[in-house]
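Keep the model open beside you as you read.

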Amino acid sequence: MQYLWCLDPFRTLHVHGDPMLTHVSCLMCFSQEVFDGVLHEAAVSESLSRLGRSALGTEYVYLDLLLSKRNLTDIHVLCGYTHLQKLDVSCNGITDLSCVSYMLYLTELNASNNRLSSFFDFVPLKNLKVVDLSFNQITKMKDLSAYKMLTKLVLNRNNIEEITGLENCISLSHLNLAHNRITKICGLGRLPIKTLILSANQINYISGLENLKTLQDLDLSCNQISSLEGLDCLEFLQTLNLDDNEICQISEIAYLEELPLLHGLNLLKNPVQEQAEYWLSVLFMLQRLTDLDLKKIKVEEKVAALNKYNPPPEVIAGRDHMANVMYSMIQPQKIFDSTLPNLDTPYPILVLTGPQSCGKRELAHRMCRDFKEFFRYGPCHTTRNPYFGEERRFDYHFVTPEVFEDMTCSVRSSPSLISVLLLLIIELTSVRSQITGCMCICHKYNSVLFSRPYIVVLFRRLVIPSFFQGQFLLTMKYSGHDYGLSREAVESVAKEGLACCTHMEIEGVRSLKNSYFEPRYILLLPMNKERYEGWLRRKGLFTRPEIDIAVSRVDMYKTIHQDCPGYFDAVINTDDFDEAYTKLRQLVKEYLGLAESDQVSQNKAGEKSGTDSRKSVPGSSQIGPSKPIQTDMTNEFLDSAARNYSARVSAKLSPQKTPVEEASVQRRQLAARQALAGKSPDTYTQLFQRGSLTAPATLGTHRRLLDPSSCTSILQSASNVTADCSFPPGSHDTSSRDSRPSSGLSLLSSAGAFSDRRSSHPTPVINIHSPPEDKMEPLDLSGLGEGTDRTQDQQSTGNTLETPRLPLSSGSDLGASKASASSRLSVRTSRPGSNTKPILPPIPCGRKKSSP
Ligand SMILES: Nc1ncnc2c1ncn2[C@@H]1O[C@H](COP(=O)(O)OP(=O)(O)OP(=O)(O)O)[C@@H](O)[C@H]1O
């Protein structure tokens, strides 16, 4: 009987034939015997486990044998255990595995942590699937062609220098060759390897992986790899460990960009980690990553990466808007003409948008020429050179990139101490010159100061930018040139009391949509792309890529129009310029209410000549809204506007203000505005007079508008009684006013604040008690118009407290006044989108007379 002393003192020791003997008794009996490293049957029998049928199925046998950490050196006794399927002899001192040759049914062999120097030194076992020979002293791999079933081979921590002999292991899916001396990846052929571990070798470059189409996890950490070339074909790669290598360039990540399944990447301890923006760059390049450098990637980081390197248009527009607002706030703040007139009604702008050279500018110019009483063209700034025939300040403000930069947000723009000092010097010299009268000295000093080039440079670099930045409402880059719509371009038009018409690409539209302006946007789209392309080519101004971009943007505009209904207020096909202009003109006329007023005047003429106006314009001669003129494109526009159900419904549901409320609101706004501004709006106030109030020729100018008598006229028109009655300028006849118990005055009376004063002054109430002319804000009478609407109804039902009388206008009879007033109301109410959008365009009082 042989006994085995187990290294593990707390392990139960089974003795062959007497398994009940315990460790203690064993020690007592055999403690004096020295273990010689030879495995004996007793130990084997105690380590057998998993009883099952033999491979042939004829008998019951133990299938597994676990003999790890026994300090074994000789395991020849295992030659007799032919039925074993799993053998673990790890962590011993074994040098010879030849006994394994007898285990024909062996599927798993763990001989790691031994002293094996030979590789698979036994008769080929066809059923072997998993072999672990790690932590041995193997130097060379041999041919394993017979091991067709081998799926997992672990050979880490050996001294292998070359990968060989695996070509025919057609089932091999896991290969671990970490911590060897491999310098080159080779010999893997087309193996179906899914996991390949080659860490801690001496690999300098990646090769030999191109045919490993099924590779999922690759560990190349602790090598000297400096390029990721050779990984781009691993379509199924999911994780890649490149820890502690020599990768320096972020551009190397490009080799991984096309790997659709890669979600884990480890680049720790690589020089590339020190690159600026490393983290976001890698996240941007590999957007499918979930783990980078053993850290989970946050959603915010992914969004930040995307916004940084390929921001979506909305983000670009948002940033552009933010930058322009921020830099404009550095400027001294003032109240703008385009924001003054009415706190509720935005300044009217008409924007023509569409792809390059689709005719936007030409149509805009034509439109502004035809409707010059209403619109003026607002030229943008650009850094591109003028084309032949383009006029400075008419088509664009052509500026240099430096000037454009200064106007936007110059990097040199922060007012530095030097700039402040410089300014101080200039100021002081001029002050001193005035005080002492030593003008000549100072002039000399100044001229010396500015004649020196470095001072000029300083002035230009430090002082000027801080005063000129923040000029733009929006900016964009197109074809390498900067474009921008300046605040001044809009303001100069607003100052004239006109609406601004401009043109821009979609980027500008997106940016403008972030601002407080609420323009109307008309999309001009060449539907026939071939024709458009031909037109661009014939122009001879654009390169082939520029043409391609312009043509491709046609589809982009189409998509936006389809995906975002209502994004553009109308769409016009520009395949035929003349046709496009006819449609644009028609549309603008509708906006202006001119189409309707044409009809109304026709009706009026019809009435006067005894014809029945109701016949000529069925339904529209009444108070109800007249039908808008239908064109293909306006249909589209109306459709898109009609989709804005909620706004329409809420507009309908929101209670109308009574004239008293309206007047009160206006008074408060006026007071607030005057307090704020210390000045009053100018001609632009005309912009916000509604269509129904604009007829009197005497209101043709701003002065007229502010003239007390004209104010009265306006009020009277608002009260639906003075459509044709205008008071000549200077007709401040109190008696005539008193003899006009119009609802205009009634409304004034009801407005409270004015009524008492009226009686105490011979001249009209507004004239005396309103602020001086240039401080005066005309009332927005839209509410009054609606109030009078109701007043009329009340009149008819007898529910009114005051009984407004019809105007005593010379030469106008009752019927005509009524018809005129009602038709004016119908004009106003029929304006497309008037419930949902700012009314556009503005209708300057009196200018409508000379409509196109
Ligand atoms: N401030 C701006 N914001 C956005 N886009 C702008 C701005 N100013 C001009 N653009 C647009 O930039 C594009 C290039 O302008 P450019 O003047 O070179 O083209 P164009 O051939 O004259 O085009 P078009 O005749 O349609 O105006 C045009 O589509 C133009 O509308």
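## A question to start

In β20, which residue is the bridge partner of Leu-352? That partner is His-503.

This is a predicted model, in which local features need pLDDT of at least 70, side-chain atom pairs count only at pLDDT 80 or more, and totals for chains, interfaces and linings use all residues. Residues are numbered from 1 along each chain as its sequence is written.

Strands here are DSSP runs (E, at least two residues), helices are runs of H or I (at least four), and both are numbered from the N terminus. Two strands pair if DSSP finds at least two bridges between them.

Five bridges link β14 (residues 349-353) to β20 in the parallel sense.

Strands β18 and β19 run antiparallel, joined by six bridges. Across this pair, Phe-472 stands opposite Ser-486 in β19.

## Around the ligand

Now look at the ligand: 19 residues surround it, and the closest include Ser-357, Arg-361 and Tyr-483. A residue counts as near a molecule if its C-beta atom, placed from the backbone, lies within 6 Å of it. Elements giving two or more residues to this shell include β18 (472-478), β19 (481-486) and β20 (499-504).
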